[in-house]
Amino acid sequence: MIKKLYKISKSTFLALFLIVFALNCSAQNTSTPSDFWNNVRFGGGLGFGLNNGGFNASVSPSAIYQFNEQFSSGVSLTFNYAKYDDNKRYAYGGSIISLYNPLHFLQISAELEQLRINQTLGFNDLSTIEDNYWSPSLFLGLGYTDRNFTVGIRYNVLYDDIKSIYLDAWMPFVRVYF
């Protein structure tokens with residue numbers, strides 16, 4: 001007779017188990033705000049150039065996550081437009097960047113960038129050639145930092161003087177993150 005009092009069907013047991021599990025999950029402390037967005041910093045770069053018959057403009061917004069006082073990492077988007085006589089070039093893509101500050105004023109950086117290059121080369125209004133390709137870059141840099149501002153130089157380890165949109169493997173840079 002005692003056995004009949006404690007006999008519960010499998011479906012009733014499963015329903016009670018799921019209710020207790022759901023109540024336990026909803027009772028977890030979710031009221032503490034996440035610190036994630038407090039550690040995200042936004043910045044980027046703008047570029048503009050004019051020369052004899054040419055024009056170049058670029059926009060590169062970026063966001064990094066500050067893991068601690070010394071290390072941060074993030075992503076960036078890049079768009080570049082250049083025109084010289086009958087030649088036009090669009091470059092767009094993204095990059096992953098890591099920043100390390102071993103001292104409060106010194107910044108070491110590594111940035112892997114992948115750009116899609118679409119260019120049209122014109123030859124005295126006779127013919128045009130379209131060239132579309134991917135151009136990877138791996139920049140290793142060293143800079144001086146003062147709060148949100150960094151100025152320095154970086155080297156493109158994967159530099160290709162034929163396919164790169166950059167004039168040289170060595171490039172100065174300015175970074176600002178807020």
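How many bridges join β6 to strand β7, and in which sense do the two strands run?

1. The model under discussion is a predicted one. In it, β6 and strand β7 (residues 149–156) run antiparallel and are joined by eight bridges. Within this pairing, Thr 145 lies opposite Thr 150 in β7. The two strands make a hairpin with two residues between them, and Arg 147, in the turn, has a positive phi of about 55°.

2. On its other pairing, β6 (127–146) meets β5 in the antiparallel sense, over 18 bridges. Here Glu 111 stands opposite Phe 139 of β6.

3. Strand β2 (residues 54–66) is antiparallel to β3, with 11 bridges between them. The residue facing Val 59 is Phe 79 in β3. Four residues separate β2 from β3 in the hairpin that they form.

4. Strand β3 (residues 71–84) also pairs with β4, in the antiparallel sense and over 14 bridges. The β3 and β4 hairpin has two residues between its strands.

5. The C-alpha atom of Asp 85 is separated by 9.4 Å from that of Phe 55, a residue 30 positions away along the chain.

6. The largest pocket has a volume of about 1,000 Å³. Its lining comprises 40 residues, of which Ser 58, Ser 60, Arg 154, Tyr 166 and Met 171 are the closest to the centre. The elements that contribute two or more residues to this lining are β1 (40–51), β2, β3, β4, β5 (106–123), β6 and β8 (170–176).

7. Which residues make the nonpolar surface patch of about 830 Å²? The patch is made by Val 75, Ile 96, Leu 112, Leu 140, Ile 153, Tyr 155, Val 157, Leu 158 and Trp 170. Among these, Val 75 is located in strand β3, the strand that pairs with β4 over 14 bridges and is joined to β2 by 11.

How values were computed
Residues are numbered from 1 along each chain as its sequence is written. This is a predicted model: local features need pLDDT of at least 70, side-chain atom pairs count only at pLDDT 80 or more; totals for chains, interfaces and linings use all residues. Side-chain values use heavy atoms; hydrogens and water are left out. Patches are made of residues with over 30% relative accessible area and no salt bridge: like charges are joined within 9 Å, nonpolar side chains (Val, Leu, Ile, Met, Phe, Trp, Tyr) within 5 Å. Accessible areas come from the Shrake-Rupley method with a 1.4 Å probe; for residues, only the protein chains shown count as cover. A salt bridge is a side-chain nitrogen of Lys or Arg within 4 Å of a carboxyl oxygen of Asp or Glu. Two strands pair if DSSP finds at least two bridges between them. On a 1 Å grid over the protein atoms alone, a cavity is a set of points where a 1.4 Å probe fits but cannot get out, and a pocket is an open set with protein on both sides within 12 Å along at least five of seven lines; lining residues have an atom within 4 Å of a point. Grid points are joined across faces, edges and corners, and a volume is the space filled by probe spheres set on the points.
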